[in-house]
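Colleague: Hi! Could you walk me through this model before I start on my figures?
Modeller: Happy to, let's look at it together.

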Amino acid sequence: MNDRGFVSVEYIFTLFILFTIGCGLLFYSSSLINSSINIEDSVSHRIILNDVSCVISQVNSNGVGYSKYIKLPSDKGYFEITVDKSKLTIEYDNKKGETMLPLLNMDSKYKLISGRGYYISKSGDGKIVIT
């Protein structure tokens, strides 16, 4: 600004450039934060799926009559785990994740819901049963 109170074109142009850079940095940081939250959510649900897979594999490998209790967490939001013949599928917030369970003899198809507890056992005929 000069002595008479006028703003020069260079000053206005500099303010416009600084404003544009500031908005760009704000958008970029917001995008990074959303991305990290999405990754954290995916990893936490993947860990839950891995834990259930490990428990089912332990029951399967320990023989007839062995059982184990698992409580699914409720602090990660609502999710469903579908246990099928050879795979586990987790569904949450319109997202889906899968893991394979080789050499598994399931009694039927099961749906496990967050916040509930389940007993996983191996029956006398060698099939995995979830109650």
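Colleague: What is the mean pLDDT of the chain?
Modeller: The mean is 88, and 95% of the residues reach 70 or more. pLDDT is the predictor's confidence in each residue, on a scale from 0 to 100. This is a predicted model, with local features needing pLDDT of at least 70 and side-chain atom pairs counting only at 80 or more, while totals for chains, interfaces and linings use all residues. Residues are numbered from 1 along each chain as its sequence is written, and side-chain values use heavy atoms, with hydrogens and water left out.

Colleague: Where is confidence lowest, and where is it highest?
Modeller: Strand β7 (residues 128-130) is lowest, at a mean of 88, and strand β1 (residues 67-71) is highest, at 94. Helices and strands here are DSSP runs numbered from the N terminus, H or I of at least four residues for helices and E of at least two for strands.

Colleague: Switching to charges, how many salt bridges does a search of the whole structure find?
Modeller: Three. The criterion is a side-chain nitrogen of Lys or Arg within 4 Å of a carboxyl oxygen of Asp or Glu. One of them pairs Lys95 with Asp41, with the closest N and O atoms 3.9 Å apart. That pair links distant parts of the chain, since Lys95 sits in strand β4 (residues 95-100) and Asp41 in helix α1 (residues 9-62), 54 residues apart.

Colleague: What does Lys87 pair with?
Modeller: Lys87 forms a salt bridge with Glu98, the closest N and O atoms being 3.5 Å apart. Here strand β3 (residues 87-92), which holds Lys87, is linked to β4, which holds Glu98, and the two residues are eleven apart. Both count as partly exposed, Lys87 at 28% and Glu98 at 38%.

Colleague: Now the inside. Which residues touch the most other members of the largest nonpolar core?
Modeller: Ile56, Ile81, Val83 and Ile130, out of 25 residues. Such a core is a set of buried Ala, Val, Leu, Ile, Met, Phe, Trp, Tyr and Cys residues joined through side-chain atoms within 4.5 Å. At least two residues come from each of α1, β2, β3, β5, β6 and β7, and α1 gives the largest share, six residues.

Colleague: What does Val83 touch?
Modeller: Leaving out residues up to four places away in sequence, its contacts (heavy atoms within 4.5 Å) include Ile56, Leu88, Met106, Leu112 and Ile130.

Colleague: Which residues is Asn60 in contact with?
Modeller: Beyond its neighbours within four places in sequence, Asn60 contacts Leu103, Leu104, Lys122 and Ile128. Asn60 is in helix α1 and is buried, with a relative accessible area of 18%.

Colleague: Last one: where is Ser121 found?
Modeller: In strand β6 (residues 117-122). Ser121 is partly exposed at 21%, and among the residues it touches are Val59, Tyr66 and Val129.

Conventions: Buried means under 20% relative accessible area, exposed over 50%, partly exposed in between (1.4 Å probe, protein chains only).
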